[in-house]
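Hi,

Here is the structure I said I would send over. Have a look at it first, and then read on for what turned up.

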Amino acid sequence: MNSDQNLIAIKNISVDFSFQENFLSKKQKIQAVKNVSLNIKKGSFVGLVGESGSGKTTLGRAILAANKISSGKVIFHDGDKDYDLTNISKQELKEYRKKAQLIFQDPYSALSPRMTVRDIIAEPLEVMKITNTREETDKRVREIASKCRLNLEHLRRYPHAFSGGQRQRISIARALVSNPKFIVADESVAALDVSIQADILNLLKSLRKELNLTYLFISHDLSVVAHVCDVVAVMYLGHIVEIAPSRELFKNPRHSYTKALLSSIPSIDPEKQSNAIELKGEIPSAMNPPSGCVFRTRCPNPTHDCKEGNIEMGLIEVNPGHWVDQCCVNCK
Amino acid sequence: MEAKIQNIHKDIKAKEAYFSATQFQLIYARFRSNRSAMIAGLFLLIMILLGVFADFISPYDPTIAGRDKDYEHGAPQIPLFWDDNGFSLRPFLYTLERYRGKDTNFRWVYTLNKEKEKRRYVYLFPKGWKHKALAFNVNLPGKKFDFKIPGFTFERHLFGIDSGGIHLFGTDKAGKDIFSRTLHAIYISLAVGTIGVFIAFVLALIIGGISGYFGGWIDGVMQMITDTVRVIPPIPLFMVLASFAPPEWSSETRFFFIACILGLIGWPTLARRVRTHLLSERSQEYVLAAKLCGASPSHIISRHLLPSFTSYIIVDLVISFPYMVLSETALSFIGLGLREPVNSLGVLLQNATRADVLLNYQWYFIPVIFFIVLVLSFVFVGDGLRDSADPYKVLKK
Amino acid sequence: MTDLLNIHNLKVEFDTDEGRILAVDNVILKLQEGQILGLVGESGSGKSVTAKSIMQLNAENAVYGDNSKIVLEGQDVLKFKENQDLKVIRGGKVSMIFQEPMASFAPAITIGDQMVELLLLHKKISKEKAKSTSIDMLDRVGIADADKRFKQYAFELSGGMRQRAMIAMALSTMPKLLLADEPTTALDVTIQAQVIDLIKDIVTEYKMGVIFITHDLSVIAQTVDYVAVMYLGTIVESGSVREIISNPKHPYTQGLIEALPDLNNLDKPLKPILGDIPSPLERPTGCVFHTRCKLFESGVCDNAVPPLSEYEKEHTVACFKVNNNE
């Protein structure tokens, strides 16, 4: 992989949270993200799927330097300058913030209810001092708002006047106003109705072309991810278990978890009987994950070595661009 | 057709107004539809005006200087428009005549002279005792801090009578007009309440704000301080302070002191509310969005957090007011707060505890009605504000 | 066979500050025992309000239409006012499971205590019998170590297990009708599949009627026998699920299906339904969908409300354009 093409190179990062019940008890550590490596190419639409507890949100926020990265490296290549997020100065962080932004899941809590839409969209410009005068700010706000199909009267209103889909568009406009190169969309369509979902996804796709954006799209909804993303990474309990171009992943999943996930998606065709692979048991606690392959406790057909926890996790490239955790590679 | 288009335009305008309404406009609109709150608001406004313009409205100086020696323990005198002798546009009072002689055992006996010639007429805007506005004469401990602002002197009052006295609520033992004293008491209570609430509010904002915004161990420490202050028992505290306060302090200084102390022990409740609001708001996603732009804590607090709970804080302030007033009343009543000659409800009530007052001079209790109205109107306005406070929450009918 | 549930002309309005809001208008539904009826619609479609009306669980400011009737096993439950009668419906003959299982269990009482309490309210059995029935039920819904879980609190169970426990609790009183309001929306997709299978098994075993509410058409396709599509409080299309999905006639249903991502055809562009759902305060006149409909005809569609008429056997549509062309 040509390193010029990678916008973001994530190498073996872990994100730990320490947690203490009260200030007299012992500190406990939860590894929300463990030893994750992923390369995000410039201009691509990378999907990150996983269920609850997979660590996808934590990973997304860690890449935006909103969570502290406990180990590993994340490098953001921006043309001639590299930003190492694990070792970044205050000044560099300020610059990075202009280039990488986040779109939230819940359109209702992501917008400050007491600010007008114009102020909400203008805030990044004002805080990051991107524009100097009010006219410049207004011009830029109007420009980005029209790209998100918000018109002038909308700018004067407060968030309570808008529907979910419209609010999400305001969120998107806010994320784009600083002219970023990289956007993390954290479950950005999960709270929307299906008919609006399609609208927002189309908007994201067209904005990608128009503004040369790179996306990391976090979702639990595989069918949505399949349609919009080029590359998909599947996460389970803090680890990435499979990465593949989306068509390849859906046609030819190699990891048992991916297979189970795909089989669980209900089909719109009532004739098609569901043949969901049943995963036994519950997701293990993040405080006490299984040794070796974390999926072994629920894998439908583990080998003896898997069950014992002898096999360490690590991605192996089985086909060009298709990486699978070595536990499942050995199974075949 | 025209009317239909006009209606559509009006609808669109109304809708647009709703969409662009700031939170205060929404709160005000909601408050207006709450009838009991609006009526309470009206009463509150009247009370406040009575207090602020107490000097102008009261016909007599509420201190010893204005006492009416001829009419001690006097019953309330209500002006009449009509009596057997005919109607008069100007309200009038009967002349009171005193007589004492052997037949009455040398005790003063009052009789009313209902003759028309002896009527005394009420006038508007007569000249009366001098009163000052905006004059400050502060004597703080240490001569250096004393300062005096002369202010304006007025002589006019709202109403008066051509001869003798007019005592709408009667007089007390020394002949002081209870009506004037009541109005001044309202003023003093409002002033104590304002200063107390102001001090409590500033402290609560700072301590609750730091506690709520930063969380962690800072929060822990601040909460311990808050809880400590909250459990300080007010009565013993005031007993100690009362004994420490030097007697040479003027009544104004004393008044200021009491108000400050009330504020200094009243902030914990408010601080707790501020902290709770902040703790819940700061985990909202829009705060994270601002942080991801690199916004500084002061920007986040002023732009996002403070506006989100300004409405609640206003409600808290309005509701704390009556507590301050009642605390001061209670303290003054038991003698630990303000004392004669300062007028406050507590002081007025102190005089009312004697048996002969209870039996004979019931008009001493008229100020109580005023205070009940004052406190209740604060409470109702506060309730109404609280109901309208979150303009983005749907009201349940 | 008499209908288990028969809803006639259900109309529900809410008295709010902003006036009377029409939430559900003229809903007609029928359900037999052993059948699963799906109510599908997006936000504001009125599906939850419809279901809650059966148990009269709507907020106090709900106003039911004069002609509205909900007939459950021959009785009009909408007319019930006495607590005694309502008790029979709520939890007795009709049970409801909700989207957020954490919110349905009281956090400070064990699951077992809550289940036993429910049973004792509705059936005259001893406490021991109630306990054993509850544990049996927990086992039946697939919770391992049922007697251990019986003594646990809601927060000690995972999301999927809590939802199963809620299903167990709802079923323990052997209701005739189960209302499932978005039961799988908050669950991971792997758990969702299992819960759907569980509901289907139970329906066959206990011969209950189930009303399954969701916004997810794929879940509907896999779960229900009959489906009614709701938009802004009215039913726009209803019929057997095979018929509706393979041959949708109402433009809204067609739009919904087209907006879904299709795993078999990843290159197909996603087609949203243009426009936004109108706020309930601005209910369109005539056909509620006309503001976003590609078949809109002025004078026809905004003039009168199209009635739900039969297009084919087991397929009714409320659209002037569809029915006129027949």
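Predicted model: local features only at pLDDT ≥ 70, side-chain atom pairs only at ≥ 80, totals over all residues.

**Where A meets C**

Chain A puts 36 residues into its contact with chain C, and chain C answers with 32 residues. On the chain A side, five helices each supply at least two residues: H6 (164-176), H7 (194-211), H8 (222-228), H9 (246-251) and H10 (256-264). H7(A) gives the most, with seven residues. If you sort the chain A side by class, you get 16 nonpolar, 13 polar and seven charged residues.

**Where B meets A**

Here 18 residues of chain B are in contact with 24 residues of chain A. On the chain B side, the elements giving two or more residues are helix H9 (285-291) and helix H10 (297-333) of chain B. The largest share, five residues, comes from H9(B). By class, this side of chain B has 10 nonpolar, seven polar and one charged residues.

**A sheet in chain A**

Chain A has an open sheet of four strands in the order S2-S1-S4-S5, with antiparallel pairing. Strand S2 (28-41) and strand S5 (81-84) of chain A stand at the edges with a single partner strand each, so one side of each has no neighbour in the sheet. On average, neighbouring strands of this sheet are turned by 20 degrees against each other, ignoring direction. Ile10(A) stands opposite Val74(A) in S4(A).

**Two backbone spots in chain C**

Most residues other than glycine have a negative phi. With that in mind, look at Met174(C), where phi is positive, near 50 degrees. Met174(C) sits in the loop between helix H7 (159-171) and strand S8 (177-181) of chain C.

Leu232(C) also has a positive phi, near 50 degrees, and its place is in the loop between strand S10 (226-231) and strand S11 (234-240) of chain C.

Which of these is buried and which is partly exposed? Leu232(C) has 24 other C-beta atoms within 10 Å, and 20 or more count as buried, so Leu232(C) is buried.

Cheers

Key: Residues numbered from 1 in each chain as written. Chains lettered and ligands numbered in written order. Contact = placed C-beta atoms within 7 Å. Nonpolar A, V, L, I, M, F, W, Y, C, P; charged D, E, K, R; others polar. Buried ≥ 20, exposed ≤ 12 C-beta atoms within 10 Å, placed from the backbone. Pairing = 2+ DSSP bridges. Axes fitted to C-alpha atoms, helices over the stretch in contact; angles between N-to-C directions.
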